[in-house]
Amino acid sequence: MKTLKNLKTFYAADWPDNSGLQPGEISKPVKLLSWTIEFKVAAQDYRYDFGDGTTSEWTSSTGGSYPAGDVTHTYKGTGDMDIKVDARLTGQYRVNGGPWQDIATTADLQDEPVDTLQVLGTKTRLVSDEG
């Protein structure tokens, strides 16, 4: 992936295919003794690490692409940036198809896989238009 120095770069968090239960999905029922239990995961918030020593604040936004994305960063220097997204997940469970109950904890997914973004510089030059 590549971007340019001094150009607003848009970020979007997504979940890899086949990575297990994803936010909004409901697990397959699990039998435990005489109970059937289901789980549901929800994304609480995200923090974007831009790889240049700066991070976003925690946000509920998954970002998006240009022009509507609301998670952006502008790099002041060039080089390879190791970027990543930390996530905090919450969840619910239900027994025998009953009401959903909150799980009283948050799963903190930090130090997840890193992608490398190459930030390039540009050169400006004046040219003559003699025609």
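Rings of Phe, Tyr and Trp (its six-membered ring) count as a pair if their centres lie within 6.5 Å, with planes under 30 degrees apart called stacked, over 60 edge-to-face and the rest tilted. By this rule, the protein comes to 2 aromatic pairs. What you have here is a predicted model, where local features need pLDDT of at least 70, side-chain atom pairs count only at pLDDT 80 or more, and totals for chains, interfaces and linings use all residues. Residues are numbered from 1 along each chain as its sequence is written, and side-chain values use heavy atoms, with hydrogens and water left out.

**Aromatic pair**
- Phenylalanine 10 and tyrosine 66 make an edge-to-face pair, 5.5 Å centre to centre with 85° between the planes.
- Phenylalanine 10 sits in strand S2 (residues 8-10) and tyrosine 66 in the loop between strand S4 (35-49) and strand S5 (72-74), so the pair ties together parts that are 56 residues apart in sequence.
- Phenylalanine 10 is partly exposed at 23% relative accessible area, while tyrosine 66 is exposed at 65%. For these labels, buried means under 20% relative accessible area, exposed over 50%, and partly exposed in between (1.4 Å probe, protein chains only).

**Charges over rings**
- The cut-off here is NZ of Lys or CZ of Arg within 6 Å of the ring centre and within 35 degrees of the ring normal.
- Lysine 40 has its charged end over the ring of tryptophan 100, 4.4 Å from the centre.
- Arginine 88 lies over the face of tryptophan 58, 3.8 Å from the ring centre.

**Aspartate 86**
- Aspartate 86 is part of strand S6 (residues 79-95) and counts as buried, at 3% relative accessibility.
- Leaving out residues up to four places away in sequence, aspartate 86 touches Asp45, Tyr46, Arg47, Trp58, Leu109, Gln110 and Asp111; contact means heavy atoms within 4.5 Å.
- The side chain of aspartate 86 also makes a polar contact with the side chain of lysine 84, at 3.5 Å. That term covers N or O atoms within 3.5 Å; within protein, one must be able to donate a hydrogen and the other to accept it, and residues adjacent in sequence count only if both atoms are side-chain atoms.

**Overall build**
- The protein has 0 helices and 9 strands, where helices (H or I, at least four residues) and strands (E, at least two) are DSSP runs numbered from the N terminus.
- The C-alpha trace spans about 85 × 30 × 25 Å along its principal axes.
- Of the 131 residues, 22% count as buried.
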